[in-house]
Amino acid sequence: EKRVDMAVKKPSGQIWREGKFAWTNPYNEEVWKYNIDIAKEAVDKGFDEIQFDYVRFPSASKTEVSYGQNMPPKADAITKFVETAKNEIHDGKGAPLSADVFGIICESPGDVEGIGQVLERVGKDIDCISPMLYPSHYANASHGSNGNGVGQSINGVLFTAPDMEPYK
């Protein structure tokens, strides 16, 4: 609210929100600096590792948000942020650097989710990567009566409602 210039915006210029929460713009290098400065301060105060969560763009459609004209691919921004963080935190402060990613990117070719996470690119500049696995990510895009369509086959096993069978 206090730094609207750092927020993800709607095409109208207003702050875009996911529910009640606003997002900072992952293209904005001032946002990178802010997050990296907090991490460096944490290391100075004794934290022995930095793990970034939500190193990604929101999963919003192109009609919902506007990042500006002629922006590079989202994966370029995320990759550059992680590289910058590595240079300043790992190389500069000696602290291991890790990041959470959506687990589904482990089987996705490129940035098909549109969030800027490409496993090979995010992982090249960090010490540890933590894929977050959510059963809902394995439902298909079809919307049947159960909201999960007909499901998805994984290793020959059909899961019609993966949210309801997370341990399978």
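A salt bridge is a side-chain nitrogen of Lys or Arg within 4 Å of a carboxyl oxygen of Asp or Glu. The exercises below concern a predicted model.

**Exercise 1. How many helices and strands are in the chain, and in what order do the elements run from the N terminus?**

*Solution.* 
- Step 1. The chain contains three helices and seven strands.
- Step 2. Read from the N terminus, the elements follow the order β-β-α-β-α-β-α-β-β-β.
- Step 3. Along the principal axes, the C-alpha atoms fill a box of roughly 50 × 40 × 30 Å.
- Step 4. Of the 168 residues, 38% count as buried.
- Step 5. Among contacts with a separation of 6 or more, 61% are between residues 24 or more positions apart.

**Exercise 2. Which side chain meets that of D125 in a salt bridge, and is D125 buried or exposed?**

*Solution.* 
- Step 1. The side chain of D125 meets that of K124, with an N to O distance of 2.7 Å.
- Step 2. The pair qualifies as a salt bridge because the cut-off is 4 Å.
- Step 3. D125 has a relative accessible area of 12% and is therefore buried.
- Step 4. K124, at 48%, is partly exposed.
- Step 5. Elsewhere, salt bridges with shared partners join K33, D37, K40 and E88 into one network.
- Step 6. The structure holds 11 salt bridges.

**Exercise 3. What are the N to O distances in the salt bridges R3 to D5 and D91 to K86?**

*Solution.* 
- Step 1. In the salt bridge of R3 and D5, the side chains meet at 2.8 Å, N to O.
- Step 2. R3 is partly exposed, with a relative accessible area of 40%, and D5 is partly exposed at 45%.
- Step 3. In the salt bridge of D91 and K86, the closest N and O atoms are 2.9 Å apart.
- Step 4. D91 counts as partly exposed at 44% relative accessibility, and K86 is partly exposed with a relative accessible area of 23%.

**Exercise 4. Why does R56 have no salt bridge, given the distance to the nearest side chain of opposite charge?**

*Solution.* 
- Step 1. R56 is located in the loop between β3 (50–52) and α2 (74–93).
- Step 2. R56 is buried, and the nearest side chain of opposite charge, that of E18, is 5.0 Å away.
- Step 3. Leaving aside residues up to four places away in sequence, R56 touches W23, P26, I78, F102, I115 and Q117.

**Exercise 5. Where does D100 lie, and with which side chain does its own side chain make a polar contact?**

*Solution.* 
- Step 1. D100 belongs to strand β4, residues 97–102.
- Step 2. The relative accessible area of D100 is 12%, so D100 is buried.
- Step 3. The side chain of D100 makes a polar contact of 2.5 Å with the side chain of Q51.
- Step 4. Not counting residues up to four places away in sequence, D100 touches Q51, F52, D53, V55, Q117, S130 and M132.
- Step 5. D100 and Y54 are separated by 46 residues in sequence, while their C-alpha atoms are 6.5 Å apart in space.

**Exercise 6. Which residues lie nearest the centre of the largest pocket, and which element gives the largest share of its lining?**

*Solution.* 
- Step 1. The largest pocket holds about 430 Å³ of space.
- Step 2. Its lining consists of 20 residues, and T24, N35, D53, Y54 and V55 are those nearest the centre.
- Step 3. Two or more lining residues come from each of β2 (21–22), α1 (29–44), β3 and α2.
- Step 4. The largest share, six residues, is given by α1.

Note on methods: Residues are numbered from 1 along each chain as its sequence is written. This is a predicted model: local features need pLDDT of at least 70, side-chain atom pairs count only at pLDDT 80 or more; totals for chains, interfaces and linings use all residues. Side-chain values use heavy atoms; hydrogens and water are left out. Helices (H or I, at least four residues) and strands (E, at least two) are DSSP runs, numbered from the N terminus. Buried means under 20% relative accessible area, exposed over 50%, partly exposed in between (1.4 Å probe, protein chains only). Lys and Arg count as positive and Asp and Glu as negative; His and the chain ends are not counted. Contact means heavy atoms within 4.5 Å. A polar contact is a pair of N or O atoms within 3.5 Å; within protein, one must be able to donate a hydrogen and the other to accept it, and residues adjacent in sequence count only if both atoms are side-chain atoms. On a 1 Å grid over the protein atoms alone, a cavity is a set of points where a 1.4 Å probe fits but cannot get out, and a pocket is an open set with protein on both sides within 12 Å along at least five of seven lines; lining residues have an atom within 4 Å of a point. Grid points are joined across faces, edges and corners, and a volume is the space filled by probe spheres set on the points.
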